[in-house]
Amino acid sequence: MRTTAPHRRARRTLAGVVTAVAVLAGAVTGCQSGESASEGERGAQAAPRWNTAPASIAAVGDSITRGFDACSVLADCPEVSWATGDDPEVRSLAARLLGEAEAPARSWNYAVTGSRMADLPGQLASAAEHKPGLVTVMVGSNDACRPLASSMTPVAEFRAGFEKALAGLRAASPTTQVYVSSVPDLQRLWEQGKDSPVVRQIWKLGICQSMLADPLSAGSGATARRVQVRARVVEYNEVLREVCAKDALCRYDGGAVFQYPFEADQLSRWDWFHPGKNGQARLAELAHRQVTSAEPPR
């Protein structure tokens with residue numbers, strides 16, 4: 001059938017409209033894609049990166065970070081602290097990162113002997129006032145070291161305390177990096193001292209009875225108790241890992257402290273439980289290796 005001129009004009013007009021719509025759609029899609037890419041690039045650029053050379057350090061935690069029993073009996077010795085001490089034999093994390101001359105003016109130790117996770121929010125609040133480049137966290141041993149295994153901090157409570165502490169730090173000092181040490185393997189410490197009569201007498205004074213009570217007993221009750229305490233420490237470390245992983249500026253040590261095979265000569269000669277000066281130096285080495293690594297531990 002022969003096509004009339006009006007029909008040809010109508011087809012040309014419709015074709016022109018379709019072409020225009022296609023061009024417009026392509027332009028809009030291209031614009032949106034460009035915007036998405038730009039936003040993605042901006043997001044990638046804005047993502048915080050771990051700084052391997054922080055300019056200041058604060059430390060929070062418990063007796064280990066205070067250097068308890070490392071220099072004399074039943075006394076703190078912060079000068080040998082793995083985190084902020086100034087003893088040249090230890091070469092603390094602060095000394096390694098900041099230099100021995102600069103470290104005292106740019107490091108602060110807010111750890112308190114006997115502290116548990118419930119005390120961490122307050123300690124981090126004090127540390128945040130300095131807006132430190134890095135804050136070290138080592139806490140959890142006292143949550144497991146209780147008079148009885150049944151008195152250990154519940155895992156859910158431990159998690160809630162850590163989440164609260166990190167949230168408070170982020171609100172007060174958003175760019176501070178956090179290095180989290182795992183809780184030591186308390187069973188390993190029991191193994192190092194249990195065969196010494198002197199050590200057993202000292203442990204009777206009340207040190208970590210959930211793990212160290214009846215140190216030579218191989219009975220089912222004592223064995224089950226020690227297994228229970230170690231399992232709780234493992235659970236605490238998993239909490240530290242999981243909560244830390246949600247914060248772009250938090251780095252968990254990957255279990256380095258928990259896995260470290262502390263020997264007797266690295267423990268306090270006063271209680272054979274806390275790290276002595278040698279043990280503090282080993283903790284400083286582990287922390288420095290993790291903090292200065294370009295990638296977090298696997």
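Because the model is predicted, local features need pLDDT of at least 70 and side-chain atom pairs count only at pLDDT 80 or more, while totals for chains, interfaces and linings use all residues. Residues are numbered from 1 along each chain as its sequence is written, and side-chain values use heavy atoms, with hydrogens and water left out.

The secondary structure of the protein comes to 12 helices and 5 strands, where helices (H or I, at least four residues) and strands (E, at least two) are DSSP runs numbered from the N terminus. Of its 298 residues, 45% count as buried; here buried means under 20% relative accessible area, exposed means over 50%, and partly exposed is what lies in between, with a 1.4 Å probe and protein chains only. The accessible surface of the protein comes to about 14700 Å², and 55% of this surface belongs to carbon and sulfur atoms, the areas coming from the Shrake-Rupley method with a 1.4 Å probe and, for residues, with only the protein chains shown counting as cover. If contact is taken as heavy atoms within 4.5 Å, then among contacts between residues at least 6 apart in sequence, 72% join residues at least 24 apart.

In soluble globular proteins, nonpolar side chains tend to be buried together. A nonpolar core is defined here as a set of buried Ala, Val, Leu, Ile, Met, Phe, Trp, Tyr and Cys residues joined through side-chain atoms within 4.5 Å. The largest such core has 66 residues, and those with the most contacts inside it are Trp 82, Leu 120, Val 180, Leu 186 and Phe 273. Helix 10, which covers residues 220-245, gives the most to this core, with 7 residues. Apart from it lies another core, of 5 residues, among them Cys 77, Val 80, Val 90 and Ala 281.

From Ala 165 to Ala 125 the separation is 40 residues in sequence and 8.1 Å in space, C-alpha to C-alpha.

Rolling a probe the size of a water molecule over the atoms shows where empty space is left. On a 1 Å grid over the protein atoms alone, a cavity is a set of points where a 1.4 Å probe fits but cannot get out, a pocket is an open set with protein on both sides within 12 Å along at least five of seven lines, and lining residues have an atom within 4 Å of a point. Grid points are joined across faces, edges and corners, and a volume is the space filled by probe spheres set on the points.

About 370 Å³ of space lies in the largest pocket. Of the 25 residues that line this pocket, the closest to its centre are Asn 142, Ile 207, Cys 208, Phe 273 and His 274. Helix 2 (63-66), helix 5 (141-144) and helix 7 (186-193) each supply at least two residues of the lining. By class, the pocket lining divides into 13 nonpolar, 8 polar and 4 charged residues, with Ala, Val, Leu, Ile, Met, Phe, Trp, Tyr, Cys and Pro counted as nonpolar, Asp, Glu, Lys and Arg as charged, and the others, Gly among them, as polar.

The structure holds 1 cavity of 30 Å³ or more, and the volume of the largest cavity is about 60 Å³. Phe 273 is one of the residues that line the largest cavity, which also include Ile 64, Met 138 and Leu 189; the lining has 9 nonpolar, no polar and no charged residues.

Helix 5 also holds Asp 143, which has a relative accessible area of 1% and is therefore buried. Beyond neighbours within four places in sequence, Asp 143 is in contact with Arg 116, Met 117, Met 152, Thr 153, Phe 158 and Tyr 236.

Most residues other than glycine have a negative phi, and most peptide bonds are trans. Phi is positive, however, at Asp 69, near 60°, and at Leu 74, near 55°. Asp 69 is found in the loop between helix 2 and helix 3 (93-98), and Leu 74 lies in the loop between helix 2 and helix 3. Asp 69 counts as buried, at 3% relative accessibility, whereas Leu 74 is exposed, with a relative accessible area of 67%.
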